[in-house]
Amino acid sequence: MSEPSLLLDGITHVYVTDRGASLAVDDIHLAVHPGEFVSLVGPSGCGKTTLLSIIAGLIRPTEGTVRVAGKPGGKLSPRVGYMLQQDYLFPWRTIHDNVMLGLELSGKADATRRKWILHLLDELGLLQVRDSYPHQLSGGMRQRVALVRTLATEPDLLLLDEPFSALDYQTRLQLEELILEILRTHRKTALLVTHDISEAVAMSDRVLIMGRNPGRIRHELQIPENIRRASPIEARELPGFHPLFHEIWRELEDPDGKEGAS
Ligand code: ADP
Ligand code: MG
């Protein structure tokens, strides 16, 4: 078997503030394999964003190690792409110039990468707005731009922190479809944080359920083949979908019901 795209070994994080120290995530072990799509669900405050920030290298964990594609991770690197709920596009840059930014900063804006960007813009239906400015676009379009920017540096691993939660339902479903298709086409590995249980089931190969105080992975669910193969909208119609939804719902309702292994 090839090296995992992401390997977390005993990740623990304590935030120290003037009000004291608090254990945000506790002893997280996780391996995500190449091409796998894994979702993290859990109540707010259970440490999902903390975990992604550690993987992205924005926060140094108090304990534990991060490996990305077999190499030491946990530091800022173009190998890891991070997409957030807010798109953080620069209002004074055109769509094209916004998505080029990462490449320019890392000195990789060569002809091949420029072509790759145009190809991605085309795939995401953004080619005709490449000279527009962010304020001229809808929320869904802006998130598509953010995705292109995240994919621009060809990361091994994509971290998605509630990227759809500010969008209306219709747009969210369309984006789920589009993003999953793009990630599958380009065989990207992804870790998605969402509080939407249907989204987690419909998009993932595997769902991790976290509990709070301290943040831990309490339960893990493998999504069956037929649901994984279906598109996110079709998946919601399959007979196996609702039992999975309810299983996760119950886990989240009763976080202390069982002490989960991981
Ligand atoms: P989630 O994304 O699951 O909602 P977070 O990772 O944002 O959870 O937060 C986990 C815990 O750590 C929460 O109790 C939160 O209050 C705390 N926390 C998050 N960021 C900080 C910070 N910068 N300083 C102190 N505590 C923090
Ligand atoms: Mg969060």
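**Where the domains meet**

Mentor: Happy to. The protein chain here splits into domain 1, made of 1-75 + 158-163 + 189-262, and domain 2, which covers 80-154. Keep in mind that this is a predicted model. If you take the C-alpha centres of domain 1 and domain 2, they sit 26 Å apart. As for who takes part in the contact, domain 1 brings 13 residues and domain 2 brings 10 residues.

Now for the area. Between them, domain 1 and domain 2 bury about 880 Å², and carbon and sulfur atoms give 65% of that. Have a look at Leu158, Leu159 and Pro163 on the domain 1 side: these residues lose the most area to domain 2, and together they make up 49% of what that side buries.

What about polar links? Counting salt bridges between domain 1 and domain 2 gives zero. Polar contacts are another matter, with six residue pairs between domain 1 and domain 2, both partners at pLDDT 80 or more.

Let's stay on the domain 1 side and see which elements it uses. Those that give two or more residues to the side touching domain 2 are α1 (48-56) and β7 (157-161). Of the elements there, α1 gives the most, with five residues. And the make-up of that side of domain 1? Its residues that touch domain 2 divide into nine nonpolar, two polar and two charged.

Notes:
Residues are numbered from 1 along each chain as its sequence is written. Chains are lettered from A and ligands numbered from 1 in the order in which they are written. This is a predicted model: local features need pLDDT of at least 70, side-chain atom pairs count only at pLDDT 80 or more; totals for chains, interfaces and linings use all residues. Side-chain values use heavy atoms; hydrogens and water are left out. Domain bounds come from an automatic or database domain assignment. Contact means heavy atoms within 4.5 Å. Buried area is the accessible area (1.4 Å probe) that two parts lose on being put together, summed over both. A salt bridge is a side-chain nitrogen of Lys or Arg within 4 Å of a carboxyl oxygen of Asp or Glu. A polar contact is a pair of N or O atoms within 3.5 Å; within protein, one must be able to donate a hydrogen and the other to accept it, and residues adjacent in sequence count only if both atoms are side-chain atoms. Helices (H or I, at least four residues) and strands (E, at least two) are DSSP runs, numbered from the N terminus. Ala, Val, Leu, Ile, Met, Phe, Trp, Tyr, Cys and Pro count as nonpolar, Asp, Glu, Lys and Arg as charged, and the others, Gly among them, as polar.
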